[in-house]
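Student: I would like to learn how to read salt bridges and surface patches in a model. Could we go through one together?
Tutor: Gladly; let us look at it side by side.

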Amino acid sequence: LKSGKDTDGLRVNRPTENVSITNCTVHRAHGAVVLGSETSGGIRNIVASNITADGTEVGIRLKTRRGRGGVVDNIRFDNWTMQNVGEGIVVTSYYVMGGETGTTEEPVSNRTPVMRDIAISNVTIQGATKRVVEIDGLPEMPIQNLRLTNIVGSGQAGLTSRFTDDLELRNIQIAVSHGPAFVIDSSA
């Protein structure tokens with residue numbers, strides 16, 4: 001799901017909203033359900049439930065970057081099963097697509113993306129080949145009110161989180177092949 005890119009998306013300012021995705025099985029895709037990275041018009045009121053991801057690069061993916069702007073909020077993912085995925089859950093404000101380069105910190109403005117009020121619950125991730133969960137907000141705009149509930153996962157690496165406000169982890173069980181199961185930095 002997308003809502004416009006950078007200056008043009010901010011000018012048009014039309015959100016993608018009120019979308020329900022349910023009872024789907026996704027095989028061999030970039031992501032099972034992906035929001036962004038084109039978020040300039042905003043993405044809100046999204047529900048994705050009863051989803052099976054098998055062999056996707058990522059299962060649940062929310063992505064944006066500096067310069068996109070827009071607000072991504074009131075997002076719900078519930079009752080997911082994943083196997084043979086690269087990464088289970090990714091929520092990032094540092095996305096770099098082909099042809100783009102990384103960004104540097106800048107003052108908060110309409111170019112600053114906002115991600116808030118995201119709930120991900122009742123998810124099983126079996127054998128993530130890269131990472132079970134990756135959360136990456138911006139220092140100047142942390143991801144706000146992200147709730148992970150009833151997540152059971154296994155993979156090469158566990159859960160990492162940087163730059164979040166009001167991060168809630170409830171009943172999370174992660175088994176990893178390498179390193180710590182949880183790494184949380186600059187998160188409250």
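Student: Which residue forms a salt bridge with Lys2, and how far apart are the closest N and O atoms?

Tutor: The general idea: a salt bridge is a side-chain nitrogen of Lys or Arg within 4 Å of a carboxyl oxygen of Asp or Glu. Here, Lys2 pairs with Glu38, and their closest N and O atoms are 2.7 Å apart. This pair links distant parts of the chain, 36 residues apart: Lys2 is in the segment before helix H1 (6-12), while Glu38 is in the loop between strand S2 (31-36) and strand S3 (43-54). Helices (H or I, at least four residues) and strands (E, at least two) are DSSP runs, numbered from the N terminus.

Student: What should I keep in mind about the model itself?

Tutor: It is a predicted model, where local features need pLDDT of at least 70, side-chain atom pairs count only at pLDDT 80 or more, and totals for chains, interfaces and linings use all residues. Residues are numbered from 1 along each chain as its sequence is written, and side-chain values use heavy atoms, with hydrogens and water left out.

Student: Is Glu38 buried or exposed?

Tutor: Buried means under 20% relative accessible area, exposed over 50%, and partly exposed in between (1.4 Å probe, protein chains only). Glu38 counts as buried because its relative accessibility is 13%.

Student: How many salt bridges does a search of the whole structure find?

Tutor: The search finds 9. One of them joins Asp6 to Arg68, with the closest N and O atoms 2.7 Å apart. That pair also links distant parts of the chain, 62 residues apart: Asp6 sits in helix H1, and Arg68 in the loop between strand S4 (58-63) and strand S5 (71-83). Arg68 counts as buried, at 0% relative accessibility, and Asp6 is partly exposed at 24%.

Student: Where do Arg11 and Asp8 lie?

Tutor: Both are in helix H1, 3 residues apart, or about one turn of the helix. Arg11 counts as exposed at 62%, and Asp8 as partly exposed at 46%.

Student: Which residues form a nonpolar patch on the surface?

Tutor: Patches are made of residues with over 30% relative accessible area and no salt bridge; like charges are joined within 9 Å, nonpolar side chains (Val, Leu, Ile, Met, Phe, Trp, Tyr) within 5 Å. Here the patch consists of Leu169, Phe182 and Ile184, with about 230 Å² of accessible area together; such areas come from the Shrake-Rupley method with a 1.4 Å probe, and for residues only the protein chains shown count as cover. Phe182 is found in strand S10 (residues 182-187) and is partly exposed, at 36%.
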